[in-house]
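Please read the following note with the sequence and the structure open beside it.

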Amino acid sequence: MAEPEGPSGLTGPADSVTTRNGRGMAAFMARHRRPTRFLRRPSVALPLLWLVLVMVGAAFAPLISPHDPNVQDLLHPDAGPGTRHLLGTDDLGRDVASRLIYGARLSMQVPFETVSIALAIALVIGLIAGFWQGWIDYVLMRVTDAGLAFPPLVLALAVVAILGSSANDVALAIAAVIAPGFARFIRGQALAVKQESFIEASSAIGSAPLRIMVTRILPNVMTGLIVQIAIALGGTLLAESGLAFLGLGPPPPASSWGSMLREAYDNSLLTHPWSLVPSGVAIALTVLAFNTLGDAIRDNLTTTNTTAKPSVPARARNRRGLTMVSRPQVPVAPAAPGAPALLEVRDLTIEFDGEHGPLRITDRVSFDVRPGRMVGLVGESGCGKTVSSLAILRLLPTPPARIVGGSIRFEGRDLLDADFAEMRHIRGCGISMVFQDPLASLNPALTVGSQLVEAVRLHEKVSRKAGRDRALRLLESVHIPDPGRRLSAYPHQLSGGMRQRVMIAMALACYPKLLIADEPTTALDVTVQAQIVELLLELRETDDLAVLFVTHDLALISELSDEIVVMYAGQVVEQAPTADLFSRPAHPYTAALLAAQPGVRSPGPSALLAGHVPPAGHHPDGCRFHPRCPYREEACQIGSMELSDVGPSRSSRCRRHGELDLSGLGEPPAVLHHADLAGQRDEP
Amino acid sequence: MVRLVLLRLLSVVPVLLVASSAVFLLLALVPGDPAVTLAGGADATPQAVAHVRSQLHLNDPLIVQYGRWLGHAAIGNLGNSLETGQSVARQISERFPVTLGLVIAAALVGLLVGVPLGIASGVRPGRTVDAGARFFSTLGLAVPGFWLAIILVSVFAVHWRIFPSSGYTGISTSFVGWLKCITLPAVTLGLLVAATLARQLRAAVVDALDTPYVRTAWAKGGTRRSVLFRHALKNAAMPVVTVFGIQLGFLLGSAVIVEQIFSIPGLGSYMLGGITAHDLPVVQGVAIVFVVFQMFTSLLVDISYTWLNPKVRVA
Amino acid sequence: MNHDAPDRPVAELRGVSCHFKVRIPGGRRGTVHALDDIDLVLTEGRTLGLVGESGSGKSTLARVLLRLLRPDRGQVLLASQDITETKGSALRQLRRHMQLVFQDPYSSFDPLATIESSIGEAISVHRELSRSGRAQRATELLDQVRLPSAFAHRRPREMSGGQLQRAAIARALATEPELLALDEPLSSLDIATQVQIVDLLHELQERLGIAYLFISHDLNLVRTLSHRTAVMYLGRIVEEGPVEQIYRDPGHPYTQALLSASPSLDPASRRRRIVLQGDIPSPVEPPTGCRFRTRCPLVTAICAEQEPPPVPVGGATVRCHHL
Ligand SMILES: Nc1ncnc2c1ncn2[C@@H]1O[C@H](COP(=O)(O)OP(=O)(O)OP(=O)(O)O)[C@@H](O)[C@H]1O
Ligand SMILES: Nc1ncnc2c1ncn2[C@@H]1O[C@H](COP(=O)(O)OP(=O)(O)OP(=O)(O)O)[C@@H](O)[C@H]1O
Ligand SMILES: [Mg+2]
Ligand SMILES: [Mg+2]
């Protein structure tokens, strides 16, 4: 990118095609603006406000509190709230409001101190045990077992007997009680995170264990641990009152909310129930604040894009399993000439939440898939193939994704109007999908067999046994060796290609009418790939299966597909029957793509080899391909380009499709040897 | 798995050794003298105290006292209570089932309330259900047990007279009677567990629902139920199971207050009496039960890990 | 390429076997023979292409070579030093010299970390840099693999498959390794980006003399990129030799079948396909003798009895009884 990025001011190649300068700076600023956006959420601002208020009150207690917290007014004990004593008085006639304010000192200090001490110990034990496992884990966890089982009373009494009963000692005593639980929790989470592939990747890099623990395992453990921390903070507020019951609280004149609650309970529960309210409410509000804040921080850690500016109102979000649609008006689909398409995608526009508001990832994508046809979807990496495919089944998560325009008609029904129940029947039976990343897309906790059987049984009432037989046959049909054994294997025990074939088998489980296959054969060797292709072709013959085949392998798709859709930078730039597309590409991008094919003798360096594709949100005006297009003209750089028909069942998004003759570029080569490339090398 | 269990069994004795010596040491540090209590309280004559002392061998060095206890414990004799002279083993065998029943009942309450609550809020984070569940859990966490007990008693025992306010009926005597007298204590204890489980489960469900394999489950045509229960929950369960295991241990330890309030003759009150009276055999005996119980639950938790996450192997 | 350093071995596998214990239905335990008796040499400034049937053990081989797995038998050598038993910090010191691009890019990135943080981790293993220095180097690396700098602040979830694959390559290059294993590194990239990355890999090899282990199913790509090629079938290397010789004159029947099945834009080449009969046998109970015999068109009695020894043919080694 030709833009200063952050403080370094690094510039990219001169011919690069970015639009606005200084975007890097803007991104830099945005990263530093992120906290403000986070802080402005009510679920963060309100609890934070309360905690700050309490802390400020505690710090400036002598200035704020209306009375001396320890002066007894024995004439007015147990008074209700009034003008003289805002929150009334306790059984000794001390002003409750003032005691509350002073009490905040201990009540804020003890929990934070306790949890910090406990965390410090537990993190060391838990991370070490979870990371190294083996005998270290064994020894540490047995010690933790003993710690967990240790009678808290004995511990607390002993700590106080040794040290005393100041706030610090109380904190230490409670910390000793909760630390083993923390340690066990951290260890449990660390055990699971340790098994993730990215930890293996980190150790393959050569990162030191300490670094892996701190930068990789800890944050992933944190997402669960925050909840425990929030609970412990609140719990400590109360534990203190439990200790006070044993005579272990801070010595009498000093107050804390816990001890106030205790005193009120002991002295005036039945006679003056009001006395429980002030301290009780203060504790409850604080616990609520800890929990709410904990949830907000946690959710923010894990949400996809923390810098994103949410464009969807909170109420409408999180429709699990169904992408949200908010299109201005439902377009009336023109009746397509000829045979009705099985799938008609029209003007599909998808937005993602970005730093500066919505980012348009795909722009008015249109294509058709007819029954029994195989359509290839090709295009540059990152141009929106996966996003478009996921949108068809409405599988993009909201937030961050939203479908903001267009229609997706499947057998005449607009899927963007469908509700969950309808969508559920279409998924798997009508349209099924093979995902690009098979390892992540298979459930790590379930065997391959149970995932396959489920796919069958979700749509058909068959017995478990029959489901298993079908699963076995499915695995056979995708040529997985030893299918009987593989049924009981977990995804991580399979090779990359086998996982991919399991995904394919799962997608075919219920005889779908349309299969969306997102790079389904990348991990397959050519012989297995041929077998899978054979299988798809066979299903096309027997079941009239239509396939939308996302791929980068033009050679494969040229053999396989009837039609090809070419995408570039979030738009469809060309759709054409396969043979036509290869012999007479109508868009310069298609032509360049064909010319870049290995073994194709191209008439000079391909246009595609210059420059980057700009990321979504930074596409140039006019034709999006124009900065790299050898045929661009002045007029290509302004306005917006529309997809137009350029022949029978062909369309292209090029102004000059009529004038240009791009046919020479894409012609299949006579020999498929990389003569020129191979020639450069010296053979040993 | 067999290996896992065997390895754990191997560690029981050393862990007990460590735990009991720690209990012994710490208890020695706690102020109080059993001899004074036994001789008749604060105004006992020094002679009487000295007599009791020598009778109970309390003049021996600490290490000798511990060694003696250990020697007896090794052959299965947990000794007699200093205070009452009753066999500790007998007392424990009578009281442990009572507390275990209470713990299990409380754990059930925790699961029955906490799990649905956690799931409901995890499925729709940020929505009303989530806020409501958070509010409820906050109450569960912010209301002290002693207070909750009083509220429950005054409503259900005093006002409506559905449950007895205190007392205990053995489960073998009358199941219904047991159920009646265990309900309020179990709810008192269980709500805290429920609150904790709900919080943790919410987090885990939010994360699990956001994974690519859950997307696959939707793509298969999964119903909301199948996606949630088959796919998300199994992966979300690990931290929750961990927390549940820890909570079980805490329940056993924190049954003290509830047992006191509802006058249930369980281990907690036995332990409390032992501590205040400095009754070493009693405290040690109960501590052993606690440790074994904890080791058993953590074994179960570890076994569940290998089922919940097939990649995890625990030693 | 590097003319003056002829064939200095960077890494070597000697008689390596790697087995996995698995449970098979019926409660019994079986052993997956993922790798058996593998000999392989990677030389400086050279690329070894590794092709073979899916599930034949290529990824496992890469993980053994980088000592992410310990072989059950045999030796792993890095720069003539036996590292089979090396552990802990000694092994960690060596890791910066050897890197791996994992087959599943999505899973190999920390879902909570930005790409910059993941790449920064690799940079800091290699050299001490300030935070901003790391960020700048990360941007440079991303630029090398044709990713705009904006991607530095993204998390894996926000990237497409091909973008992540390139980020994975950038991360592996960060330590400037001498040995780089690439497991299907370009499978999700369009052809233009592939060419760019291939150029980058060539250029780095030229300049730094990196040895690549290039695992791919794209036979054209392997041909373009590698100097020697090894072909795997069911945990064994059945043929290994100079790339042109193997492509022009494959010795092993499996290699012949594999090469003939490669799809192409050229309709003429589509007809000469050798279609293998039957399915791949189970790696739990691999066939006796030659492992390919159950599907081999040339099979005879000897194939079941004896394991074919490695036979030198030209510059290549072939394990077949029928040469
Ligand atoms: N959550 C997200 N937030 C922001 N941008 C995203 C998000 N998910 C995807 N993108 C962007 O959307 C664009 C399209 O992604 P998509 O996965 O559809 O690409 P693709 O065509 O499938 O590419 P590939 O061939 O590399 O898989 C990419 O530039 C990607 O960076
Ligand atoms: N953790 C494991 N447990 C059990 N078996 C395993 C494990 N990892 C790999 N295998 C088995 O080892 C064999 C080789 O797997 P590997 O991943 O090395 O194959 P591959 O050649 O990389 O295949 P692909 O091209 O499909 O990625 C396979 O049969 C696989 O099932
Ligand atoms: Mg994709
Ligand atoms: Mg592999």
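The numbered points below treat these topics in turn.

1. A word on the source of the coordinates. The model is predicted, and the values quoted here should be read with that in mind.

2. The metal site in chain C. The magnesium ion (ligand 4) is coordinated by two atoms, OG of Ser59(C) and OE1 of Gln103(C), at 1.9 to 2.2 Å. Ser59(C) belongs to helix H1 (residues 58-65) of chain C, whereas Gln103(C) sits in the loop between strand E6 (98-101) and helix H3 (115-126), so the pair ties together parts that are 44 residues apart in sequence.

3. Exposure of the two coordinating residues. Ser59(C) has a relative accessible area of 25% and is partly exposed. Gln103(C), at 15%, is buried, because buried means under 20% relative accessible area.

4. Extent of the interface between chain B and chain A. Here 79 residues of chain B are in contact with 82 residues of chain A. The size of an interface is often given as the accessible area lost when the parts come together. Between chain B and chain A the buried area is about 7,500 Å², and carbon and sulfur atoms give 65% of it. Phe146(B), Lys220(B) and Lys311(B) supply 10% of the area that chain B buries against chain A, more than any other three residues.

5. The rule finds 9 salt bridges between chain B and chain A. One of them joins Asp295(A) to Arg202(B), with the closest N and O atoms 3.6 Å apart.

6. Which elements build the side of chain B that touches chain A? Those giving two or more residues include helix H1 (2-29), helix H8 (175-208) and helix H12 (280-308) of chain B. H10(B) gives the most, with 13 residues. By residue type, this side of chain B divides into 49 nonpolar, 15 polar and 15 charged residues.

7. Backbone angle at Asp482(A). This residue is not a glycine, yet its phi is positive, at about 55 degrees. Asp482(A) lies in the loop between helix H16 (464-477) and helix H17 (483-486) of chain A. With a relative accessible area of 23%, Asp482(A) is partly exposed.

8. Backbone angle at His278(B). His278(B), which is not a glycine either, has a positive phi of about 60 degrees. The loop between H11 and H12 of chain B holds His278(B). Its relative accessibility is 11%, and His278(B) therefore counts as buried.

Note on methods
Residues numbered from 1 in each chain as written. Chains lettered and ligands numbered in written order. Predicted model: local features only at pLDDT ≥ 70, side-chain atom pairs only at ≥ 80, totals over all residues. Heavy atoms only, no water. Donors = N, O, S within 2.8 Å, 3.2 Å for Na, K, Ca; no water. Helix = DSSP H or I, 4+ residues; strand = E, 2+ residues; numbered from the N terminus. Buried < 20%, exposed > 50% of the residue type's maximum accessible area, 1.4 Å probe, protein only. Contact = heavy atoms within 4.5 Å. Buried area = accessible area lost by both parts, 1.4 Å probe. Salt bridge = Lys/Arg side-chain N within 4 Å of Asp/Glu carboxyl O. Nonpolar A, V, L, I, M, F, W, Y, C, P; charged D, E, K, R; others polar.
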